[in-house]
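Subject: Handing over the structure

Dear colleague,

I am passing on the structure below, together with some notes on what was found in it. Please read the notes with the structure open beside you.

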Amino acid sequence: MAGDNTPTPMMVQYLGLKAKAGDCLLFYRMGDFFELFFDDARAAAATLDIALTSRGEHDGKPIPMCGVPVHAAEAYLARLIKAGHRVAIAEQTESPEQAKARGGKTLVARDIVRFVTAGTLTEDSLLDSWASNMLVAVAPVGVFFGVAAADISTGYFELVTVTAGSLEAELARLAASELVVPDGFAQPPADAIIRPRADFDSIVGGDLLRRHFALATLDAVGAVTRAEQAAAGGLIAYLAHAGQGKMPFLKLPVRREVHEHLLIDQATRDSLEINSASKGGRTGSLLAEVDRTITGAGARQLASDLAAPLMDKAKIDARLSLVQWFHDAPLTRDAVRTALRQLPEIARALGRVVAGRGSPRDLGQIRDGLDAARVLRERLGVMESRPELLDMLLPALDGHGHMVDHLARALVESPPTDTAQGGYIAEGYDAALDVLRSAGRDGRQAIAQMEARYRDATGIAALKIRHNAVLGYFVEVPAKHGDALMAPGTGFTHRQTMAGAVRFNSPELHEEAVRITQAGGHALAAEAAHLEELIALVLSRRDAIAASAEALARIDVSAALAERAAESNWSRPSFVAHPCLEIEGGRHPVVESALAKSGDRFIANDCKLSPEKRLWLVSGPNMGGKSTFLRQNALIVLLAQAGSYVPATSAKLGLVDRLFSRVGASDNLARGRSTFMVEMVETAAILAQATEQSFVILDEVGRGTSTYDGLAIAWAVVEGIHETNRCRCLFATHYHELTRLSESLDALSLHHVRAKEYKGDLVLLHELADGPADRSYGIAVAKVAGLPPQVVARASSVLAKLEKGRAETGGLAAGLGDLPLFSAAMDAAEAKVDALRDKLSGLDIDALSPRAALDLLYELKRTAGES
């Protein structure tokens with residue numbers, strides 16, 4: 001920039017746009033590159049591993065700079081977004097000719113045309129085709145929170161109202177790529193985008209919803225709450241900001257009720273590894289193990305189903321009946337899956353078209369996808385004994401005949417993504433366009449003939465007629481023949497001298513080039529006009545197209561679940577009205593698959609929870625299979641309510657409203673939380689939120705502290721689950737003292753995983769049996785793990801001494817049987833408080849003398865100290 005430190009006009013323009021971009025990296029268009037400056041350049045260069053250079057000076061210092069080619073920008077954007085950056089795209093908004101017409105050496109005008117953020121992506125290259133990309137806005141209104149969530153790549157849009165206790169589970173279900181909250185939001189997540197509070201006004205939000213969907217009232221959506229209107233307003237305002245006024249595709253929002261699906265908090269999702277494994281990624285997760293979908297839309301639908309299992313028995317049974325129909329008809333299933341394999345991605349192609357970033361290829365995908373959907377509808381429509389859900393889906397696959405025929409006539413078989421070169425409108429669609437193309441072709445043939453004539457006339461065999469973007473058409477000869485064409489009377493005009501060649505023009509060539517250029521330009525304009533017409537045709541049917549995409553996704557999921565069930569002999573679950581969990585031959589799908597790869601067999605186990613025996617206390621050695629048993633039953637519940645067959649011989653259950661898992665924890669050092677603190681926080685959430693309809697699995701509660709503290713906590717938690725929450729629960733423990741609770745807790749049942757010692761070696765049977773374990777086999781496990789023999793021997797002698805002491809004193813649990821139950825202890829504590837309350841409530845404090853007040857304090861202290 002300027003040496004006198006005066007910012008150049010370009011830098012003034014850049015700084016103004018950067019102020020508008022805020023905390024986003026600014027991609028500043030300069031010719032064929034997007035340039036970044038200052039801190040943006042440093043951040044981008046580090047993330048993209050590209051060279052950091054400098055350009056001029058600002059405030060006496062070199063300006064850091066880096067750039068990426070415009071033609072390759074998407075690949076760089078993908079890496080920046082994945083690294084957590086947001087990007088503002090500043091493009092030229094006028095041509096150099098328009099800028100010059102404004103006077104002098106005026107800088108070409110630029111403006112931000114789009115903000116590229118994790119939640120506002122539509123490009124295939126920036127998205128995971130197998131996962132939804134949710135943008136979520138949350139708005140607090142009174143004691144409620146409105147949640148608006150949208151995947152603009154497909155147009156999906158939903159609204160829900162939750163309480164503070166359910167918010168975390170809802171956000172965990174949505175797994176937002178980007179979360180938007182209003183300024184002043186209490187304790188926002190670290191990665192949340194803070195937006196102006198005015199964007200989250202419920203009245204403004206309601207008006208935005210009505211205007212965007214051209215509705216007189218919101219009755220078509222349902223009983224939209226003030227909180228939902230506020231959240232919707234915040235989401236729509238953010239989308240308008242990101243698109244700089246260009247709105248993406250949003251379908252009419254679906255109103256969800258929290259009670260319509262099984263609530264699962266983030267800790268439980270992580271523990272059960274539902275959508276991602278503990279080490280990150282899909283491999284090893286339940287989703288990866290279950291997923292046999294063919295299409296990206298089907299994979300996203302399956303992930304959504306597993307994230308939000310249903311609470312409506314009729315809807316679950318409808319899904320299961322369609323899965324069973326495919327399961328029982330393998331030939332039909334194979335035919336449908338083969339047809340789905342040929343389908344292009346309809347939903348995201350439509351999303352790009354609506355967002356104004358659609359290409360001829362997107363229109364071709366919509367055409368081909370809907371044509372294949374019609375064929376599939378005809379095939380399935382003649383099948384007998386169709387389930388109700390399939391009959392509901394089939395009509396959505398048809399009705400696009402006129403549009404598909406129009407697109408088939410208008411577009412070439414494989415349309416390109418880039419429109420700059422034309423060639424995407426089919427021959428025969430527009431006679432005038434065909435004439436223009438013919439003129440271009442004829443002109444090129446004429447130039448080829450001209451080249452041959454010029455060779456003959458000049459005697460220069462190496463003469464060629466070439467073309468580039470700067471000179472257009474020109475005659476080129478080797479340098480040694482240049483003088484011959486420069487002689488007067490040859491008809492050639494010199495244009496450019498190169499190192500090894502000389503370039504010329506001729507009146508005849510110029511005339512033909514103008515004719516070709518004009519024909520080509522008119523042809524491109526005609527194609528562009530047709531493209532606009534075709535896009536308008538698609539937009540007029542966007543809701544019906546989206547419905548077809550949804551129906552295809554549901555069919556894909558159902559056929560895929562049937563395929564998975566057939567692979568491993570899974571069974572259809574059944575539902576009853578009372579809270580039970582009766583599973584025969586239950587298996588953990590992920591562990592079973594891993595064992596099968598190594599040639600081992602998974603040992604199936606039964607689980608029979610009932611109102612009379614709703615709490616199972618499971619003991620036994622480490623590595624005996626307790627944690628696997630707990631998790632497999634939780635996963636069976638989840639799969640069943642998602643509408644899937646389950647890995648069991650049979651399964652009967654009452655609907656579960658909340659699923660909780662406290663199985664293992666890792667130190668959360670980044671937040672200053674130890675394993676034990678994480679365990680206690682998660683256990684506290686369970687005790688506060690579990691209802692009689694919930695299902696809870698707890699493993700080794702209390703193990704992270706001293707033996708006495710741990711046993712005391714575990715004892716109280718078991719009592720609390722039994723007496724207060726009264727939910728179905730599997731509780732695994734090493735505290736054998738807890739087995740004494742079976743004497744006082746009627747609904748508690750004792751079980752253990754079997755193990756035996758044979759000739760000094762431990763044999764883990766992985767079978768569940770009734771009753772408590774006779775011992776923990778901890779030393780045997782340590783021996784299997786490879787502890788040195790001298791350490792194992794020493795541990796055995798220490799254990800013998802400890803067991804002798806326990807036998808003499810009654811052990812850790814001595815006297816615990818005399819304690820009142822959980823609820824009785826609470827009543828005793830409350831009675832003690834009530835005694836103090838009664839004394840205080842009867843006092844006339846103003847009438848007390850100093851001496852009487854002192855005596856009263858002593859009396860209250862004695863009362864408080866009494867047990």
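The largest nonpolar core has 98 residues, and those with the most contacts inside it are Leu306, Ile366, Val538, Phe695 and Leu730; such a core is a set of buried Ala, Val, Leu, Ile, Met, Phe, Trp, Tyr and Cys residues joined through side-chain atoms within 4.5 Å, where buried means under 20% relative accessible area, with a 1.4 Å probe and protein chains only. Helix 20 (residues 542-568) contributes the largest share of this core, 11 residues. Apart from it lies another core, of 28 residues, among them Ala137, Ile193, Val224 and Ala232.

This is a predicted model, in which local features need pLDDT of at least 70 and side-chain atom pairs count only at pLDDT 80 or more, while totals for chains, interfaces and linings use all residues. Residues are numbered from 1 along each chain as its sequence is written, and side-chain values use heavy atoms, with hydrogens and water left out.

Leucine 730, leaving aside its neighbours within four places in sequence, is in contact (heavy atoms within 4.5 Å) with several residues, including Cys607, Leu609, Trp616 and Phe695.

An open sheet of four strands has the order 18-22-19-20, with mixed pairing; helices (H or I, at least four residues) and strands (E, at least two) are DSSP runs numbered from the N terminus, and two strands pair if DSSP finds at least two bridges between them. Strand 18 (574-576) and strand 20 (605-609) stand at the edges with a single partner strand each, so one side of each is left without a neighbour in the sheet. Strand 19 (residues 581-586) and strand 20 run antiparallel and are joined by four bridges, and isoleucine 583 in this region stands opposite cysteine 607 in strand 20.

As for the cysteines, the count of disulfides, meaning pairs of cysteine sulfur atoms within 2.5 Å, comes to zero. Cysteine 66 is in no disulfide, the nearest cysteine sulfur, that of cysteine 24, being 16 Å away, and cysteine 66 is buried, with a relative accessible area of 3%. The sulfur of cysteine 580 is 10 Å from the closest cysteine sulfur, in cysteine 607, which is too far for a bond, and cysteine 580 is buried at 0% relative accessibility.

Finally, glutamate 228 has its place in helix 7 (residues 226-242) and is buried, with a relative accessible area of 0%. Among the residues that glutamate 228 touches, not counting those up to four places away in sequence, are Gly146, Ala223 and Arg255.

With best regards

Notes:
Buried < 20%, exposed > 50% of the residue type's maximum accessible area, 1.4 Å probe, protein only.
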